Amino acid sequence: MNGKELLQKLEGTSSTPLFEKLYGPEEAEPGKKRYTSLIETMQSEEDFPLTVFPETRKELRLFTAAGRTELGGNHTDHNRGRVVAASIQLDQAAVAAARSDNRIFFRSAGHPDVVVDLVNSEGPDLEPKEHEKGTTEALIRGIAAGFSARGAAVNGFTVNANSMILPGSGLSSSAAVEVLFGRIINNLYNGGKCSSLEIAQICQKAENVYFGKPCGLMDQCACVCGGAVTIDFADPGKPLIKQVDVDLSSSGYVLCVINTRGSHADLTPDYAAIPNEMKAVAAFFGKEALQECKKKAVEKQAAEIRQKLGDRALLRAFHFFDENQRAADMHAALENLAVSSLKNKAIAKYLRLVNESGDSSWELLQNIYSVQNVNEQGIAVALALTRNFLRTRSLPGACRVHGGGFAGTIQAYIPSPALEDYRTVMDGIFGAGSVSVLRIRSVGTEELTI
């Protein structure tokens with residue numbers, strides 16, 4: 001449909017259920033207006049001149065790319081363990097139009113325009129470029145190269161997008177952008193033949209090789225798949241993904257992330273030490289990753305491991321084994337939430353596992369603050385305040401570090417009636433707007449049909 005036809009469709013009430021599915025009943029109308037605004041902008045001669053963007057007056061396609069939240073499996077993926085994550089209502093909304101040339105134009109509100117030419121005078125231009133590392137241009141080129149390497153068609157397109165995922169919030173704004181590009185290429189030029197897992201793998205390689213960040217596959221999988229997913233990386237080439245739809249609000253809880261506004265600058269050594277130390281323990285047994293090892297064997301040779309690798313490596317290995325099993329248990333509890341007769345027991349077990357995950361990250365994994373700067377412990381403060389909030393009010397709930405740790409965000413499950421009181425407490429410490437309420441949604445990264 002062209003822009004005018006899409007706008008007419010969006011004005012109809014028939015589109016409301018779709019946006020409720022994406023954003024919840026309260027945010028359905030604002031969600032719809034985001035797409036309306038994006039389409040109107042693409043029809044504007046001032047913003048998208050017809051002489052430069054003639055394709056924007058023809059067929060337009062709508063896409064959504066979800067952010068993600070990590071539910072469990074803190075720092076297990078890089079040692080081929082299990083993780084639990086979920087797509088959320090905070091997303092990249094995008095309107096795309098296929099181009100007749102090989103240029104990709106990406107506009108996202110609040111960011112500089114990005115233009116990538118996939119062809120030069122000598123032919124396809126899909127090799128990594130040193131000067132593009134760390135940029136959106138690198139991701140686009142890498143994703144296009146990934147599709148091309150699989151024999152898929154690649155061509156140019158224009159995208160007008162708007163993101164609700166704040167950069168640095170721990171909700172994977174970068175992975176959402178990646179899988180958005182992947183879904184657009186897949187649908188515009190390949191009839192949607194590539195699976196969600198293939199799109200995630202293409203995007204991960206682009207981030208590793210072209211962007212220059214050695215990330216795992218969890219973020220891309222969670223953003224693209226939808227719902228809550230447990231991902232088992234035992235076979236890294238063929239990770240096993242299990243999905244389940246989750247509605248925490250029906251159990252009386254609100255899922256939040258709290259931004260402590262700590263800086264991730266200069267934390268690379270802290271992040272790198274975690275997989276390195278875990279893999280060092282695996283190497284002690286002649287293995288590549290802890291997934292190939294047994295906890296009992298590590299316990300049996302703990303004295304030798306301490307002497308050779310140090311106490312922290314041993315403790316982090318213990319975290320891996322416990323957290324890996326916990327991820328499987330969390331998935332089972334989430335599945336039982338959908339069974340009315342099991343709901344109360346399931347939510348109680350799930351919250352217990354969340355707290356255990358948080359305790360293990362603090363005590364064994366030790367990614368709550370950096371030993372390089374012990375005066376900055378925002379994550380620890382947020383966890384302590386949340387525990388105190390729940391305990392002094394005799395409220396059930398849970399909290400844990402969210403994502404990589406050392407700085408950034410925590411995750412909390414707060415009983416719905418206590419949300420505003422909790423927000424007041426946390427905003428008073430970390431500043432207004434520090435608490436973001438998340439809604440797990442069943443739609444990951446998809447093209448929308450109006």
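Five bridges connect E8 to strand E9 (residues 240–244), and the two run antiparallel; strands pair if DSSP finds at least two bridges between them. Helices (H or I, at least four residues) and strands (E, at least two) are DSSP runs, numbered from the N terminus. The model is predicted: local features need pLDDT of at least 70, side-chain atom pairs count only at pLDDT 80 or more, and totals for chains, interfaces and linings use all residues. Residues are numbered from 1 along each chain as its sequence is written, and side-chain values use heavy atoms, with hydrogens and water left out.

Because four of the five residues of E8 (residues 228–232) are buried, the strand is largely enclosed by the rest of the structure; buried means under 20% relative accessible area, exposed over 50%, partly exposed in between (1.4 Å probe, protein chains only).

The loop between strand E1 (61–72) and E2 holds Asn-79, which is buried at a relative accessible area of 0%. Beyond neighbours within four places in sequence, its contacts (heavy atoms within 4.5 Å) include Pro-275, Met-278 and Phe-320.

Helix H8 (residues 268–284) and helix H10 (residues 302–309) form a right-handed crossing. The contact involves Ala-280, Val-281 and Phe-284 of H8 with Glu-304, Ile-305, Lys-308 and Leu-309 of H10.

Methods. A crossing is left-handed if the near helix is turned anticlockwise from the far one by less than a right angle, and right-handed if clockwise.
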